[in-house]
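Visitor: Hi, could you walk me through this one? I'd like to hear about its charged residues.
Guide: Happy to, let's have a look together.

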Amino acid sequence: MEKKDIDWGNIGFGYIKTDKRFVSNFKDGKWDEGALIDDDTVTISECACVLQYAQTCFEGLKAYETEDGRTVIFRPDLNASRMADTCKRLEMPVFPEDKWVEAVKKVVKANEAFVPPYGSGATLYLRPYMFGSNAVIGVKPAEEYQFRIFGTPVGPYFKGGAKPIYIRVSDFDRAAPHGTGHIKAGLNYAMSLHAIVDAHDKGFAENMYLDAATRTKVEETGGANFIFITKDGKLVTPKSNSILPSITRRSILYVAEHYLDMEVEEREVEFSEVKDFAECGLCGTAAVISPVGKINDHGTDIEFPTGMDEMGPTLKKLYDTLTGIQMGRIEAPEGWIVEI
Ligand code: PLP
Ligand code: COI
């Protein structure tokens with residue numbers, strides 16, 4: 001497969017238009033067959049539910065070229081099922097999960113020339129999404145929907161790649177108890193835009209959100225879950241009903257326990273404990289594992305012993321094992337890798 005002429009090693013996390021995208025429409029209570037199309041634009045009513053009431057949700061997963069030249073995707077079944085959960089919470093119709101995975105595979109296959117070469121540091125990010133498309137003026141769910149999937153080659157989510165980042169404790173909340181923090185609704189990201197612009201303006205790469213009810217427990221950032229390593233080498237990750245159940249985090253927990261013989265704990269994490277951890281990282285499809293070097297808490301820095309130069313040794317082991325599995329260097333658990 002001849003690849004596109006792109007400077008793979010130097011792309012950031014941005015949008016690059018690819019050749020084909022998948023589109024399926026929901027009308028009269030059912031989804032049509034769906035098709036790959038060339039048109040990257042969307043035409044909908046000025047009064048579409050997505051435009052008026054933000055009825056939209058999305059997913060994110062990646063395709064990789066492996067060391068031996070295969071193209072694979074990582075655990076797409078979990079993204080399909082998380083999108084189904086999201087749709088139910090937003091009163092949107094579920095796109096059947098088996099067809100969802102098939103449609104992702106079709107998009108990757110049709111854009112294989114955009115799957116970055118093995119070892120380039122880039123990957124093909126896939127963005128399945130759905131929105132209410134017919135005109136709705138009273139507050140109620142749409143009756144017609146569009147489900148689409150596009151792909152775009154991406155590099156590291158944070159500038160500097162695997163360099164530790166400096167984040168701050170946010171004074172804005174991300175998700176209410178019993179709200180929508182546990183699903184991948186577009187509205188969660190709309191409300192984070194002011195907080196992220198403000199954080200960037202002040203020199204921070206991300207926001208650490210605390211639980212909205214008590215502001216004492218660690219939740220997540222705008223686009224990734226937290227993982228911490230204790231001084232005695234245990235992996236700790238926050239448990240909360242208002243964070244997104246990250247597929248990367250679930251995979252890391254498994255890798256830590258079954259590949260690296262580590263102890264793992266998924267539990268409530270008090271913000272007051274954070275200063276005692278040896279390593280801190282963000283995990284997600286886009287973030288992979290991004291180390292956090294420092295956290296600013298209202299003017300006071302919490303500095304992890306691993307510093308601002310390099311990823312700590314335990315996160316590095318987790319990173320190498322996880323990406324080794326994703327890129328075919330290390331044998332994957334049953335069902336994790338889907339070949340195109
Ligand atoms: N948390 C939020 C708010 C996210 O947007 C994401 C990205 O999808 C994650 C966590 C990480 O989830 P995953 O590992 O499934 O990509
Ligand atoms: C992902 O990791 O797939 C996300 O959706 C995070 C987003 C902030 C890019």
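Visitor: Is Thr 237 buried or exposed, and why?
Guide: Thr 237 is buried, because its relative accessible area is 0%. Buried means under 20% relative accessible area, exposed over 50%, and partly exposed in between, with a 1.4 Å probe and protein chains only.

Visitor: Before we go on, what am I looking at?
Guide: This is a predicted model, where local features need pLDDT of at least 70 and side-chain atom pairs count only at pLDDT 80 or more, while totals for chains, interfaces and linings use all residues. Residues are numbered from 1 along each chain as its sequence is written, chains are lettered from A and ligands numbered from 1 in the order in which they are written, and side-chain values use heavy atoms, leaving out hydrogens and water.

Visitor: Thanks! Where is Thr 237 found?
Guide: In strand 12, residues 235-238; strands (E, at least two residues) and helices (H or I, at least four) are DSSP runs numbered from the N terminus.

Visitor: And which residues does Thr 237 touch?
Guide: Not counting residues up to four places away in sequence, Thr 237 touches Phe 226, Ile 227, Arg 249, Leu 253, Glu 265, Glu 266, Arg 267 and Val 269. Contact here means heavy atoms within 4.5 Å.

Visitor: Which residue forms a salt bridge with Arg 249?
Guide: That's Glu 266, with the closest N and O atoms 2.8 Å apart. A salt bridge is a side-chain nitrogen of Lys or Arg within 4 Å of a carboxyl oxygen of Asp or Glu. The pair links distant parts of the chain, 17 residues apart: Arg 249 is in helix 6 (residues 247-258) and Glu 266 in strand 13 (residues 264-267). Arg 249 counts as buried because its relative accessibility is 5%, whereas Glu 266, at 36%, is partly exposed.

Visitor: How many salt bridges are there by this rule?
Guide: The count comes to 21. One of them joins the side chains of Glu 59 and Arg 82 at 2.7 Å, N to O. Glu 59 sits in the loop between strand 4 (56-58) and strand 5 (61-65), and Arg 82 in helix 2, 23 residues apart. Both Glu 59 and Arg 82 are buried.

Visitor: Which residues are linked in a network of salt bridges?
Guide: Lys 234, Glu 263, Glu 265, Arg 267 and Glu 273.

Visitor: What about Arg 168, which residue does it form a salt bridge with?
Guide: Asp 198, the closest N and O atoms being 2.9 Å apart. Arg 168 lies in strand 9 (residues 165-169) and Asp 198 in helix 5 (residues 193-201), so this pair ties together parts that are 30 residues apart in sequence.
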